Structure formats: C-alpha cells, structure tokens
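Hi,

Here is the structure we talked about handing over. Please open it first, then read the notes below.

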Amino acid sequence: MATKLRYFPNPKPDYDPQFGSPNIPERQIKTLVGSLVVEIEKNFAPTEKNAANGIYLGSAGIAYMYYHLSKTPSFSSNKQLNLDKALQYILPAINVSKSAKTRKEASSLILGTAGVYAVAAALYHATGNKNLSKSYREFYYQAAKQCGDQKFLSFGSDELFVGRAGYIMGALWLAKETNTALQKAELYNLCKVMLKSGRDYAASHQSQCPLMYSYYQVEYLGAAHGLCSILQSVLSVPGYLQENPRDLADVKRSIDYVLGLQTSEGNFPAATDEIGSELKLVHWCHGAGGVFYLMAKAYLVFKEDKYLQSCRLMAELIWQKGLLKKGPGLCHGVAGNGYVFLVMYRLTSEAGYLHRAVCFYEFLESESFQAQAKTPDCPYSLYEGTAGTVCYLADLTWPEFAAFPFSDIFVTET
C-alpha cells in the first residue's frame with residue numbers, strides 16, 4: 001500500500017535568477033491578511049472562555065498577532081486600530097492568568113501566564129502606559145524564582161513550552177520589545193541550572209550527548225519540547241557562554257551531536273527513540289522546521305560553515321516537503337515552514353529564499369490547499385491557526401526583519 005503523504009507535492013517552480021529579484025505582492029498579501037483578521041474577529045471573540053492555553057491557543061496569541069501587525073510598516077496606517085484590538089484580546093487572558101494556580105502555568109511562555117504577561121508588557125509599552133508595562137514585566141520576572149528550582153516541574157523543567165528555555169526566550173523578547181535591560185543575573189542562573197539538569201540526566205541515562213533532557217519521559221530533540229530549543233536559548237543569552245567556558249564546550253558538543261543526526265535528506269528525528277528510523281515529520285515542532293533555528297543561531301555564534309550547510313539542507317527539504325496538509329499555522333503548518341525561507345534570506349541575502357517564501361504564501365491561496373488541507377483543532381490561534389499565518393504574511397512584506405515568534409536568532413544585547 002502506498003504511503004499517504006503528509007504534505008502537498010510542491011507545484012511551484014524554483015527561483016530563476018534571469019527573472020530578477022522576486023516580487024513581493026504586498027497589495028495581495030494585505031488583502032489576504034485583512035480577510036483572515038475578519039474571520040478571526042468573527043469566530044474568536046476576546047472572552048475569558050477563549051483565553052485559556054496562553055499564547056499558543058488563547059486570546060493572548062491573537063493579541064500578539066495584532067501587536068505584530070502594529071509594528072509592521074506595511075500596516076502602519078492601521079497601527080492604532082491594531083493596538084486597540086490587541087488590548088481587547090489581552091485583557092481576558094490577563095484576567096484568566098491572575099487566577100492561575102499551578103507552577104506549570106505561572107512559568108510557561110507558550111502555554112501559561114508568563115507569555116501572557118510578556119505580551120501585555122510589550123503592548124502597554126507600545127501604547128505609552130509605562131506603569132502597566134513595568135507591572136507586567138515584574139510579573140514575568142517573578143517566574144524566574146521558581147524556574148531556578150532544578151526540578152520545579154516533575155515531568156521536565158527545561159523545554160520551550162513550559163520550562164526554562166521558554167522563560168529565557170521570552171525574557172530576551174521582552175527586553176527587546178520594551179527597550180529595557182536584560183535581567184542578566186537571573187538568566188545566567190537559569191542557564192547554569194538548565195545545563196546542570198542536562199548533564200545530570202545525560203550521565204544517569206548514559207546519553208551520547210553531553211546534555212540531554214526528557215519531557216514526560218521522552219527525549220525530545222525538536223523545537224517544541226526538545227534539546228534544540230534548550231541549546232538555542234543558552235546560545236542566545238548575551239555573554240553567558242563566553243564567561244563559562246566549560247558550558248560553552250558542552251553546548252557546542254551537544255549542537256554537534258544534533259548535527260550528526262541530520263539525514264542526507266536534511267531532516268532530524270523528533271526524539272532519540274526515532275534515531276535510525278524513517279522520519280516523516282517536517283514541522284516546526286518536530287523536525288527540520290524547528291531544528292533550523294538552532295543551527296542558524298550556531299552559525300551566527302561560531303561562524304562555522306557546517307551549520308549554514310545544515311540550514312541549506314533543511315531549506316531544501318522544506319521546499320520539497322514543507323507544504324503541510326495539517327493547515328496554515330506555525331507549529332505544524334505551512335507558515336511555520338515558510339519562516340525558514342525568510343530567515344535564510346536574512347542569513348544569506350540570497351533572493352532564491354525570498355522567492356520560496358512568496359511561493360509558500362501563494363500556495364496558501366491555491367485551490368488545492370483550500371480544498372484539501374485539514375482544519376486545525378484551533379483554527380484561529382497563533383500557533384495552530386491563522387493568527388500565526390497573519391504574522392508570517394506580515395513578515396513577508398518586510399523580510400529584512402522577519403523572525404519566527406519568540407525565536408529571533410538575530411536578537412542582540414539590549
């Protein structure tokens with residue numbers, strides 16, 4: 001029996017330099033963004049009922065989308081309207097967050113209250129309310145105290161969605177968006193705790209990698225819950241590795257361990273129990289679409305060509321198999337994979353990657369995608385649905401600054 005494909009075969013012709021620079025159809029993109037936003041407003045109201053699950057699925061993710069639009073030059077004429085809409089969607093999320101009880105919720109960038117407070121702080125900074133912005137920044141920073149406990153979560157304390165890696169990436173984003181100083185002492189402490197956690201686990205489980213982690217007893221490798229986002233978060237903290245050479249050595253050896261798992265096709269296993277098996281997932285959450293950001297960051301930090309070559313190989317795979325049938329979103333959809341081309345364009349300035357990013361947008365509007373793509377469980381959300389697609393489309397109109405949400409590899413010290 002033939003294997004059912006998880007992706008649409010790519011019908012688009014690749015870039016041909018003889019046709020000059022790729023055309024970004026800004027007017028058409030803005031029209032699509034407008035229609036998607038109308039659908040979101042119509043079907044996903046800013047209510048407390050819709051505010052659960054943080055920025056991943058809840059109304060705070062819609063607030064992030066509007067905030068992102070407010071910063072995009074192509075949408076500057078609607079800046080105030082987008083900020084007003086963002087405030088409407090963040091308020092119910094704030095109300096729900098204030099009643100959060102569990103440690104998992106309080107520390108979580110993607111699924112819990114920390115991410116809500118980060119978006120709120122950025123929003124109030126953008127609207128000129130310095131006092132509220134400061135208050136929500138302080139709420140965010142309070143989570144660092146519990147994250148410092150090595151096993152503050154029994155099922156895994158280090159990954160991106162609810163653990164220390166997410167907290168660090170959120171703190172970097174928050175400092176940039178609010179033009180405030182990094183809480184370096186806290187971030188350095190979290191890096192130390194996170195690396196000790198990885199060493200302890202690797203030693204007790206005889207891992208081939210100097211640093212290894214588990215989340216619900218699975219040794220994930222991908223962006224959503226795994227090793228690559230943890231390593232990326234440490235690489236992203238300004239100055240930390242330079243001041244801690246032993247940690248630098250272990251981080252670099254761990255990156256090279258992951259690099260050694262890349263297949264000839266360009267993909268990576270989602271977890272260590274998939275090493276050596278057939279790899280089917282080409283997503284941001286699991287597979288090349290997310291590991292890409294670790295290798296791209298490693299290239300910027302270490303200046304070694306092997307990391308850029310790994311990124312090129314992933315980009316080729318995503319060009320072939322990245323038009324996912326799961327939908328238009330970031331986590332496991334077309335927009336999430338399309339971001340790889342935008343970041344590669346920033347890394348290399350090569351027009352072919354921008355062409356590919358435009359092709360992924362065009363495919364989102366194709367009849368085959370509209371008719372055959374699956375509808376996500378949460379079709380309007382930031383990570384699964386069209387709110388994330390809107391962010392991708394907005395970034396396509398200013399590709400020199402494009403960055404996957406909360407994963408900007410180009411962020412420098414504030």
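A residue counts as exposed when its relative accessible area is over 50%, as buried when that area is under 20%, and as partly exposed in between. Please keep in mind that this is a predicted model.

**Two positive phi values**

Start with Q206. Its relative accessibility is 73%, so Q206 counts as exposed. Q206 sits in the loop between α9 (184-204) and α10 (227-236). Its phi is near 50°, a positive value in a residue other than glycine. Most residues other than glycine have a negative phi.

K303 is another such case, with a positive phi near 60°. This lysine lies in the loop between α13 and α14. K303 is exposed because its relative accessibility is 64%.

**Salt bridges**

How many salt bridges does the structure hold? The count is 18.

One of them pairs D14 with R356, with 2.6 Å from N to O. D14 lies in the segment before α1 (26-43) and R356 in helix α16 (residues 351-364), so this bridge ties together parts that are 342 residues apart in sequence. R356 has 5%, so R356 counts as buried.

K85 and E41 form another salt bridge. Their closest N and O atoms are 3.6 Å apart. This pair also links distant parts of the chain. E41 is partly exposed, because its relative accessible area is 29%.

K306 and E304 make a salt bridge too, with the closest N and O atoms 3.6 Å apart. K306 has 36% relative accessibility, so it counts as partly exposed. E304 is partly exposed as well, because its relative accessible area is 27%.

There is also a network. Salt bridges that share partners join R199, D247, D250 and R253.

**D247**

Which side chain does D247 meet in a polar contact? The partner is Y240, and the contact is 2.4 Å. Is D247 buried or exposed? Its relative accessible area is 8%, so D247 is buried.

**A positive patch**

Which residues form the positive surface patch? They are K4, R6, K280, K326 and K374. Take K326 from that group. K326 lies in the loop between α14 (305-321) and α15 (334-348). At 37% relative accessibility, K326 counts as partly exposed. A patch residue needs over 30% relative accessible area, so K326 at 37% passes that cut-off.

**Buried residues and C-alpha distances**

C285 is in the loop between α12 and α13 (288-302). Its relative accessible area is 5%, so this cysteine is buried. How far is the C-alpha atom of C285 from that of G222? The separation is 6.1 Å, although the two residues are 63 residues apart along the chain.

N82 is buried because its relative accessible area is 8%. N82 and L69 are 13 residues apart in sequence. Their C-alpha atoms are 6.7 Å apart in space.

F302 is in helix α13. At 18% relative accessibility, F302 counts as buried. The cut-off for buried is under 20%. F302 and A402 are 100 residues apart along the chain, and their C-alpha atoms are separated by 22 Å.

**To pick up from here**

- the D14 and R356 salt bridge, at 2.6 Å from N to O
- the D247 and Y240 side-chain contact, at 2.4 Å
- Q206, with its positive phi near 50°

Best wishes

Key:
Residues numbered from 1 in each chain as written. Predicted model: local features only at pLDDT ≥ 70, side-chain atom pairs only at ≥ 80, totals over all residues. Heavy atoms only, no water. Patch = residues over 30% accessible without salt bridge, like charges linked within 9 Å, V, L, I, M, F, W, Y side chains within 5 Å. Areas by Shrake-Rupley, 256 points an atom, 1.4 Å probe, with all protein chains shown as cover. Salt bridge = Lys/Arg side-chain N within 4 Å of Asp/Glu carboxyl O. Lys, Arg positive; Asp, Glu negative; His and termini not counted. Charge placed at Lys NZ, Arg CZ, Asp CG, Glu CD. Helix = DSSP H or I, 4+ residues; strand = E, 2+ residues; numbered from the N terminus. Buried < 20%, exposed > 50% of the residue type's maximum accessible area, 1.4 Å probe, protein only. Polar contact = N/O pair within 3.5 Å; in protein donor to acceptor, adjacent residues only side chain to side chain.
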